[in-house]
Amino acid sequence: MKVILITLGFAGLCYAFYKVYSRWHLEKNMDEILSSGAVILDVRTAREFAKGHLPGAIHISLGTIREADIPFAKNQPVVTYCSHGLRSIKAASILKARGFMQVHNGGAMNDLAQRLPPSQR
């Protein structure tokens, strides 16, 4: 019983940490960025992408983003997302290092989906 309670407590603590962390790292004006026609970039694995993704999302997995041929301009707004929000932070950093100027972390797919304009859902 103790093990179950400790496990549940730890899981709750991890979830709370993620929520606070994501609030600090997500763009405050994400709704405006998405409404402006930003590219939505899914950086999950091909298997995850095949199981489901946001409408109109482009897929480039985090594992290939360093050498991938990027199909959009370096000055075009881009919003990265993944399943939990950690890979999207790394992908945004890599894209910025490659010279992309308007890269934004969208965090977890479910969180970003809620912020999409109704026309993009």
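Guide: One term before we start. Buried means under 20% relative accessible area. Also, this is a predicted model.

Visitor: Okay, take N105. Is N105 buried or exposed?
Guide: N105 counts as buried, because its relative accessibility is 8%, and the cut-off for buried is under 20%.

Visitor: Where is the place of N105?
Guide: In strand β4, which covers residues 103–108.

Visitor: Which side chain does the side chain of N105 join in a polar contact?
Guide: That of S88. The polar contact between the side chains of N105 and S88 is 2.5 Å.

Visitor: And what about G107?
Guide: Its backbone nitrogen is 2.9 Å from a polar atom of the N105 side chain.

Visitor: Let's zoom out. How many helices and strands does the protein chain have?
Guide: Five helices and four strands. Along the sequence, they follow the pattern α-α-β-α-β-β-α-β-α.

Visitor: What share of the protein chain counts as buried?
Guide: 37% of its 121 residues.

Visitor: And the contacts?
Guide: Take those between residues at least 6 apart in sequence. Of these, 69% join residues at least 24 apart.

Visitor: Which residues form a nonpolar patch on the surface?
Guide: M1, I4, L5 and L8. Together they have about 480 Å² of accessible area.

Visitor: Where does I4 lie?
Guide: In helix α1, residues 2–25.

Notes: Residues are numbered from 1 along each chain as its sequence is written. This is a predicted model: local features need pLDDT of at least 70, side-chain atom pairs count only at pLDDT 80 or more; totals for chains, interfaces and linings use all residues. Side-chain values use heavy atoms; hydrogens and water are left out. Patches are made of residues with over 30% relative accessible area and no salt bridge: like charges are joined within 9 Å, nonpolar side chains (Val, Leu, Ile, Met, Phe, Trp, Tyr) within 5 Å. Accessible areas come from the Shrake-Rupley method with a 1.4 Å probe; for residues, only the protein chains shown count as cover. A salt bridge is a side-chain nitrogen of Lys or Arg within 4 Å of a carboxyl oxygen of Asp or Glu. Helices (H or I, at least four residues) and strands (E, at least two) are DSSP runs, numbered from the N terminus. Buried means under 20% relative accessible area, exposed over 50%, partly exposed in between (1.4 Å probe, protein chains only). Contact means heavy atoms within 4.5 Å. A polar contact is a pair of N or O atoms within 3.5 Å; within protein, one must be able to donate a hydrogen and the other to accept it, and residues adjacent in sequence count only if both atoms are side-chain atoms.
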